Number of protein chains: 4
Amino acid sequence: MALLTRTTQGVFAIAPTPFNDDGAVDFDSLSRLTEFYSRVGVTGLTLLGQMGEAPKLSHDESVGIVRHVLKRTDVPIVVGVSAPGYAALRALSTEVMSAGASGVMIAPPNTLRTDDRIVAYYEGAAAAIGEDVPFVIQDYPLSFSVEMSPSVIARIASTLPGCVMLKHEDWPGLEKISTLRRMEAAGDMPRLSILCGNGGLFLDFETERGADGAMTGYCFPELLVDVVRHTAAGHRDAAHDVFDAHLPLLRYEQQPGTGLAVRKYVMMRRGLLTSDAQRRPGAVLSATARAEVDYLLTRLARSDSRVTLVA
Amino acid sequence: MALLTRTTQGVFAIAPTPFNDDGAVDFDSLSRLTEFYSRVGVTGLTLLGQMGEAPKLSHDESVGIVRHVLKRTDVPIVVGVSAPGYAALRALSTEVMSAGASGVMIAPPNTLRTDDRIVAYYEGAAAAIGEDVPFVIQDYPLSFSVEMSPSVIARIASTLPGCVMLKHEDWPGLEKISTLRRMEAAGDMPRLSILCGNGGLFLDFETERGADGAMTGYCFPELLVDVVRHTAAGHRDAAHDVFDAHLPLLRYEQQPGTGLAVRKYVMMRRGLLTSDAQRRPGAVLSATARAEVDYLLTRLARSDSRVTLVA
Amino acid sequence: MALLTRTTQGVFAIAPTPFNDDGAVDFDSLSRLTEFYSRVGVTGLTLLGQMGEAPKLSHDESVGIVRHVLKRTDVPIVVGVSAPGYAALRALSTEVMSAGASGVMIAPPNTLRTDDRIVAYYEGAAAAIGEDVPFVIQDYPLSFSVEMSPSVIARIASTLPGCVMLKHEDWPGLEKISTLRRMEAAGDMPRLSILCGNGGLFLDFETERGADGAMTGYCFPELLVDVVRHTAAGHRDAAHDVFDAHLPLLRYEQQPGTGLAVRKYVMMRRGLLTSDAQRRPGAVLSATARAEVDYLLTRLARSDSRVTLVA
Amino acid sequence: MALLTRTTQGVFAIAPTPFNDDGAVDFDSLSRLTEFYSRVGVTGLTLLGQMGEAPKLSHDESVGIVRHVLKRTDVPIVVGVSAPGYAALRALSTEVMSAGASGVMIAPPNTLRTDDRIVAYYEGAAAAIGEDVPFVIQDYPLSFSVEMSPSVIARIASTLPGCVMLKHEDWPGLEKISTLRRMEAAGDMPRLSILCGNGGLFLDFETERGADGAMTGYCFPELLVDVVRHTAAGHRDAAHDVFDAHLPLLRYEQQPGTGLAVRKYVMMRRGLLTSDAQRRPGAVLSATARAEVDYLLTRLARSDSRVTLVA
């Protein structure tokens, strides 16, 4: 499959990992999900991110999930390979790249501080996976407690040819996109593909600021596709109209710790997942929370006809 | 003025502290703001919170601001008195209470960990300000890095008669409201007034969960008043309709670090502040960001006729 | 082998994991280490702790290391099984307990806040490994950013019969030991075995405060054995004399991030490890630092005849 | 008085702020302390640091303390002026510099992340206090949660002529000193005076690595003077001998949160402070802890004849 490049655009959906109620990986739902993502027009998929509960999977399970999806789709696959040591990171990267993945995603260990140490960490990681493997920097301070300034990202991108993409989910983050694009234009760093995460909470403006698209897991990836498409076509109001219609639910999903429970619940209501179970420890939605999500879905259905649910 | 009680309800607007471009307190704008808040129907005001740039004010400036507002309004005033030591906390509390404030707000020092230490901190603070002074616990983990479980809040409320209100801004926080109300109903803790902050990002559901209202500083406090009023009247859809219309802007304002710059900019555009300056160090909005806010205001004006701006 | 109990005493040495320069586990050195620990009189061994670079090992490597040591020693073995998800934690725990380990050690995930969530985490972990498996709470705020008050430890110990030991490495921590022993005496919690870590930096007083011994990895475990033995015999001055002689080196080893490099270097100088390599990413000692350690060893050798080194 | 320069050397003792039991500043003890510090040969004094409980003092109290000491000593005085806003920082700096202080010390706000933001913070601070005012960077990650790499320090020193000194208390920190001295030698940054803090825990090696001395508050500043003097004279063993004799007590004093209570208690036992009270909230030593300190003092008195105590 085509490798990620520094000009990759579009929507890479972060796929949740489906589990049965007993905690086993639910491959049937994974097949259904994979088919769904292709159908709604995402450009690619990202597997085994934080929201894919990657740290709760064994190496063999991780590889199994990636192989399963690769067999069932033509879109490029990015695989999260973050690990405390480079050995595990390399092992998983090597295996999924040889299986056909298009690139890997690497989050910084949450104890990293200072620009120099962040750069050194990525240099070591790149050496571990191999210079030719395209990788994505995951820049998510709210989750990882590591803050990367534009100049750090520039240093990593300038030094490491494998660094082709930024998963941008700093918050606030709009100025960071503008700054990076300015630095690229000034020749201070190579161009990076920038796909935005953070649940999509600012996707409406991020695309206007110069992002190449989205990489996040909102339970209606159709919305992400719409926003990216409308903005690319210069239809600003249309992009914001559809974004605003989804924002109440999107905001509800973007709650640290419980967001994945919301996401899986909606995907179960959409008939994509058989169960909304997470591996333990994980958040569980209360009955009231489920009713609130149902209410938001009902309201959303008034403006978005794609909101159809199973009982 | 009437003191805060455990059944206080409504909207307490967090007032920004207006500064001139040279950093001096702008008392003319403060007068205008005070009149504005009364006019739009808030129940009370909160001065000298984090978003009031309290840590950047001297003791004398703080007292001057409180006296200025107290002279110009009839609504109850809550004053943020957080300080690293109890001596400063007591000094400010004593002075503003004798000037007519209705209560004080106390945030936890950001190094506090463990339930026991949080409880001990509030015990010491309550002893410092005096048992008869009503105080508000500010529960804002995103800003203060201190997480308070419902049982900690119950311990503080059960032990300290002065603890009458929770400024609830945990995120996620909906279940916390439900849990506290359940504990109250079960007799495990006294009733607290719960007013919600966190920029209002979940106010639509927080009021449904049992919160008594809002205490936050969104640049259109009219929205907060609307949501609380509609919910109290049982008009669920109306509450969500007006909330959803404001959500794109509200979400834009709720960005850590830059939110206050957005808030002050909009309040300047509304003719309430002469300048949107913050005391340094503080965030500054880029031209692009201002244009984004302007765009959001234009969109909002289509559904909310109260959005009128000065050039 | 005998299981850990709530009255276990003595010195459990935290064993480093020996690696060859290429990053492979060095089983020859592991054999030598195991024999060494028995020879110097430790009561037990702890494998796969943070200082054993556990997060950098695969499941199979982890099990292999434990089996290798179990075959070569009669002392009880505690195994670190901390993992982001309960599935991996259970898998490793089950395997090592059936292989003959005496208990497992569980560190809290570094995002845990509030007493209730800490207790809930250990309840889930205990359910995962099984009620009959003795486990050790690792209480190391400096490393894990999780602070456990005495009342949290009491709640865990009171609820979970498997909780038999506290690896105490809070800093400051002396009062915590006294408080726990007071709570036990007052019947507020069951007795726990308390073994002290934090590099041994306060072991001289921790044993006097009521700790049952040490669980740490200082490069001269003989010192730990001496201090525990002298204190148990009531020889206070003797305990402090030997402790103070080692303190300059012990303090040098107790540096976050670089401490393990010092430890492995000294163990290499003592002929126990063939290489002082760590799996990447890991700290590396500069030539100056090595010379400083050599100087400290030379000074220590004047008072402790057991300091014999290879070239 | 002479201003701090980039070649300032020696021992700047961090003075605690003496309080009476009722929380009032104890100026009699402050006079006695000031006389004591001169007598034991410190090069300078640092007032209003974290260990001087600066955040618990009002502006007027702070100025009063500085003036009181300036009248009673000839040694240069550094004053901690850290504050959340630049206005307060400038106000205190201006006042103490005009009163005769030799420089000010500025700690970073504990929310600062990324090299760029740290540099920007110091640029703003330097602009606030004025370009001609010599200032000290306080680099204490354990206390402030802000990590500064050598390159950040180099950027600040290269840009801001007022930046003349580093209060080095990173941990581990030995390599940082070596790196900074190497960068200076290579012409990559101007020379800075480096005085070491962190309670003095590594002062024996820090001076060997190129530090210019100490700036810390150990309860026996005589020890700091000895180590710096012996090292400067090339008497390595003598420096380590006296250091090692004090290390058990020094280590006991270097406990986060309780260290100041130990320091004040010893200074009270030495007849320097009338009370060991801290302003609230602050740590209090248990009877057991006091007995432990007494025991350490008794042991220390065997090798250091300057250990004389009042009952």
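The contact between chain A and chain B takes in 33 residues from chain A and 33 residues from chain B, where contact means heavy atoms within 4.5 Å. The structure is a predicted model, in which local features need pLDDT of at least 70 and side-chain atom pairs count only at pLDDT 80 or more, while totals for chains, interfaces and linings use all residues. Residues are numbered from 1 along each chain as its sequence is written, chains are lettered from A in the order in which they are written, and side-chain values use heavy atoms, with hydrogens and water left out.

The area buried between chain A and chain B is about 3,000 Å², and carbon and sulfur atoms give 59% of it. Buried area here is the accessible area (1.4 Å probe) that two parts lose on being put together, summed over both. On the side of chain A, the residues that lose the most area to chain B are Trp171(A), Arg251(A) and Tyr295(A), which together account for 23% of what that side buries.

Charged side chains also meet here. Between chain A and chain B there are 10 salt bridges, a salt bridge being a side-chain nitrogen of Lys or Arg within 4 Å of a carboxyl oxygen of Asp or Glu. One of them joins Arg302(B) to Asp241(A), at 3.9 Å from N to O.

Which helices of chain A each supply at least two residues of the side that touches chain B? They are helix 7 (174–185), helix 8 (203–209), helix 10 (236–253) and helix 12 (287–301). Helices (H or I, at least four residues) and strands (E, at least two) are DSSP runs, numbered from the N terminus. Helix 10 of chain A gives the most to this side, with 10 residues. Sorted by class, the side of chain A that touches chain B has 15 nonpolar, 7 polar and 11 charged residues. In this sorting, Ala, Val, Leu, Ile, Met, Phe, Trp, Tyr, Cys and Pro count as nonpolar, Asp, Glu, Lys and Arg as charged, and the others, Gly among them, as polar.

Symmetry comes next. Chain A is superposed on chain B by a rotation of 180 degrees with 0.0 Å of shift along its axis (RMSD 0.0 Å); copies are superposed by least squares on the C-alpha atoms of residues with pLDDT of at least 70 in both. Leu247(A) is the residue of chain A that comes closest to the rotation axis, with its C-alpha at 3.7 Å. Because 100% of the interface residues of chain A are also interface residues in chain B, the copies meet through the same surface.

Chain C and chain A form another interface, with 12 residues from chain C and 12 residues from chain A. The area buried between chain C and chain A is about 1,100 Å², of which carbon and sulfur atoms give 64%. Tyr86(C), Arg280(C) and Pro281(C) supply 40% of the area that chain C buries against chain A, more than any other three residues. Between chain C and chain A there are 0 salt bridges, and the count of residue pairs in polar contact is 3 (both at pLDDT 80 or more). Helix 3 (86–99) and helix 4 (115–129) of chain C are the elements that give two or more residues to the side touching chain A.

Some backbone details also deserve a look. The peptide bond from Trp171(A) to Pro172(A) is cis, with omega near 0 degrees, and Pro172(A) sits in the loop between strand 6 (163–168) and helix 7 of chain A. Thr114(A) has a positive phi, near 75 degrees, in a residue other than glycine. Thr114(A) is buried, with a relative accessible area of 9%, where buried means under 20% relative accessible area, exposed over 50%, and partly exposed in between (1.4 Å probe, protein chains only).

Notes. Polar contact = N/O pair within 3.5 Å; in protein donor to acceptor, adjacent residues only side chain to side chain.
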